[in-house]
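This note is intended for a colleague who is meeting this structure for the first time. Please read the numbered points with the sequence and the model at hand.

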Amino acid sequence: MRVLVIEDDAAINDVVRRKLAKRGLSVTSAYSGTEAQLHLDAAADAGAFDIIICDLMLPGIPGEELVPLIRASHPSVPIIVISAKDATADKVLLLGMGADDYLTKPFDLDELAARVEVQLRRSASVAHGAGEVREAARDAIEHGPLRVDPSARMVMVEGREVSLTKTEFDMLALLAASPGRVFTKRELYESAWGEPYAAQESTVAAHISNVRSKLKPYGADGLIQTVWGIGFKLS
């Protein structure tokens, strides 16, 4: 499994590289956004890297610009952002841009390694068709103008495809599998990540907000309703 670590601090980059290498991962280091882009452009296909760890304060192309570029060119590769920025607004913004997880500096190396393993397991689960959402609903689900196809991992609104990240798709698929049922943030998190709930509430809310934003141009954002104090449901 190949990891691209994008971090301009050589000491942090090196310690992360050595930690992940001990877990049996092949690590490529980049020390600027521009160098990272060169590694990505040189990749033969989207599967060249299995996961990307990206800092925000980068020379060349900053992380805030690099994350959307990576997501556009490598839509299925998990991205973990590491940054000294700890404001909720920053986390929500990056998750909305396509990041799959966010870890604030200074961080524990064991926690980073654990989050990397979670993302890799999720990717493997999707690749082998064994995700929890697939078990819940194997056939395409149609709800009003919305069509969610777990087998193809595709979302359509009145025949037009909506591009979602893995996390966004898994959350929407869970909601679509049981319209009207209220799912807690814990349930949505554990379904999407396949792990016990271990995140701030804003993490789930940010992903749901991003799904709504992507459905809005098609007039379908109102299908996802917030149930205050509990979670979300598909109306």
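Which backbone nitrogen does the side chain of Asp9 reach? The points below begin with that residue; please bear in mind throughout that the model is predicted.

1. The side chain of Asp9 reaches the backbone nitrogen of Ala11, at 3.0 Å. Asp9 is placed in the loop between β1 (2-6) and α1 (10-22). Asp9 counts as partly exposed because its relative accessibility is 34%, which falls between the limits of 20% and 50%.

2. The strands β4 (residues 79-83) and β5 (residues 101-104) deserve attention next. They pair in the parallel sense over four bridges, and Val81 has Tyr102 of β5 as its bridge partner. With helix α4 (residues 88-97), the two strands β4 and β5 make a right-handed β-α-β unit.

3. Arg115 belongs to helix α5 (residues 109-127). Is this residue buried or exposed? Its relative accessible area is 17%, under the 20% limit, so Arg115 is classed as buried. The side chain of Arg115 makes a polar contact of 2.9 Å with the side chain of Asp101. Beyond residues up to four places away in sequence, Arg115 touches Ile80, Asp101, Tyr102 and Leu103.

4. The largest nonpolar core holds 29 residues, and the members that touch the most others are Leu146, Leu172 and Leu188. At least two residues of this core come from each of β7 (146-149), β8 (154-157), α7 (166-177), α8 (185-193), α9 (201-215) and β12 (231-234). Helix α7 gives the largest share, seven residues.

5. Apart from neighbours within four places in sequence, Leu146 is in contact with Ile141, Val155, Met156, Val157, Leu172, Leu215, Leu223 and Leu234.

6. Which residues of α8 are buried? They are Leu188, Tyr189, Ser191, Ala192 and Trp193. Just after α8 comes Gly194, with a positive phi of about 70°.

Note on methods:
Residues numbered from 1 in each chain as written. Predicted model: local features only at pLDDT ≥ 70, side-chain atom pairs only at ≥ 80, totals over all residues. Heavy atoms only, no water. Core = buried A, V, L, I, M, F, W, Y, C linked by side-chain atoms within 4.5 Å. Buried < 20%, exposed > 50% of the residue type's maximum accessible area, 1.4 Å probe, protein only. Contact = heavy atoms within 4.5 Å. Polar contact = N/O pair within 3.5 Å; in protein donor to acceptor, adjacent residues only side chain to side chain. Pairing = 2+ DSSP bridges. Right-handed = clockwise from strand over helix to strand, strands pointing away.
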